Amino acid sequence: MDTYKMGSFWKVLEMWVCLLCTFLYFADLLVHIMSTFEDADTEETVTCLHMTVYHPGQLQSGIFQSITFYDRKKFPSTEVIKFGRNSNICHYVFQDKQASRIQFSLQPFKQFNSAVLSFEIKNMSRKTSLIVDSQVLGYLNKMDLPYRCMIRFGEYQFLLEKEDGESLEWFETRFLFSPRPLLQENWPAQTPIPENGSCSSCSTQSPLPTEMDENEL
């Protein structure tokens, strides 16, 4: 009888242990799910620079072949993003001998009394002017980047649009490819941009700067 009772006792104990383990498993799973939802709710949005690009030789010469289009790339807000033909220095490389080693740079900063990141653009080329909307930047000239602007140098055309985010620690860049020129006659400054990232009604009457010598160091 005692042996029978002991056997029953161990079976009941084993059952309770199994129930306890099952309860702990589901409790841990529930904590993980709640934590995931909390992280999703509290995750900060990130400021993104959308850049639509065009060059008349982009298909024949593969000028933008080193750039990944349509994906977002994340950078710390302390990073200065450089554009040019030197792959050892620049984050985004132009496969073009007429481009400068470093053509221009974008640096994030925070305006006084602002809760979001802003950016300044600096011309790093000694021989090629950088045109931001109607403002001409010479070597080492810089200016605050508008929310939406057209950037030109040589035959390059960049349409930049800033999408604000909450984070002050990170920002993102995203390249879009335009099969057509972004600059056409009578382009109004605030024309909405189509969803495909190209703009067939963009214009400027300012002459394009002369391209730099391909032997520039």
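How many aromatic pairs does the count come to? In this predicted model, the count comes to 20 aromatic pairs. Phenylalanine 64 and tyrosine 156 form one of them, with an edge-to-face arrangement. Their ring centres lie 6.1 Å apart, and the angle between the planes is 70°. This pair links distant parts of the chain. Phenylalanine 64 belongs to the loop between α2 (58-61) and β2 (72-76), whereas tyrosine 156 belongs to strand β11; 92 residues separate the two. Phenylalanine 64 has 5% relative accessibility and therefore counts as buried, because the cut-off for buried is under 20%. Tyrosine 156, at 2% relative accessibility, also counts as buried.

A pair is also formed by phenylalanine 83 and phenylalanine 175. Here the ring centres are 6.4 Å apart and the planes meet at 55°, so the pair is tilted. Phenylalanine 83 is part of strand β3 and phenylalanine 175 is part of strand β12, so the pair ties together parts of the chain 92 residues apart in sequence. Both phenylalanine 83 and phenylalanine 175 are buried.

In soluble globular proteins, nonpolar side chains tend to be buried together. The largest nonpolar core in this model has 30 residues. Phe94 and Phe158 have the most contacts inside this core. Several strands each supply at least two of its residues, including β1 (47-54), β3 (81-84), β5 (104-110) and β6. Another core, of 5 residues, lies apart from the largest one. Among its members are Tyr54, Met150, Leu159 and Leu183.

What does phenylalanine 94 touch, not counting residues up to four places away in sequence? Its contacts include Phe64, Phe83, Tyr156 and Phe158. Ile63, Ile67, Phe153 and Ala99 are also touched by phenylalanine 94, as are Gly84, Arg85 and Gln103.

The strands also build a sheet. Five strands form an open sheet of mixed pairing, in the order β4-β3-β5-β6-β9. Its edge strands are β4 (92-93) and β9 (142-144), each of which pairs on one side only. Strand β6 (residues 117-123) pairs with β9 in the antiparallel sense, over 3 bridges. Within this part of the sheet, isoleucine 121 has methionine 143 of β9 as its bridge partner.

Two lysines lie over aromatic rings. The charged end of lysine 73 sits over the ring of tyrosine 92, at 5.6 Å from the ring centre. Lysine 74 lies over the face of tryptophan 170, with 5.2 Å to the ring centre.

Notes:
Residues are numbered from 1 along each chain as its sequence is written. This is a predicted model: local features need pLDDT of at least 70, side-chain atom pairs count only at pLDDT 80 or more; totals for chains, interfaces and linings use all residues. Side-chain values use heavy atoms; hydrogens and water are left out. Two strands pair if DSSP finds at least two bridges between them. Helices (H or I, at least four residues) and strands (E, at least two) are DSSP runs, numbered from the N terminus. A nonpolar core is a set of buried Ala, Val, Leu, Ile, Met, Phe, Trp, Tyr and Cys residues joined through side-chain atoms within 4.5 Å. Buried means under 20% relative accessible area, exposed over 50%, partly exposed in between (1.4 Å probe, protein chains only). Contact means heavy atoms within 4.5 Å. Rings of Phe, Tyr and Trp (its six-membered ring) pair if their centres lie within 6.5 Å; planes under 30 degrees apart count as stacked, over 60 as edge-to-face and the rest as tilted. A charge sits over a ring if NZ of Lys or CZ of Arg is within 6 Å of the ring centre and within 35 degrees of the ring normal.
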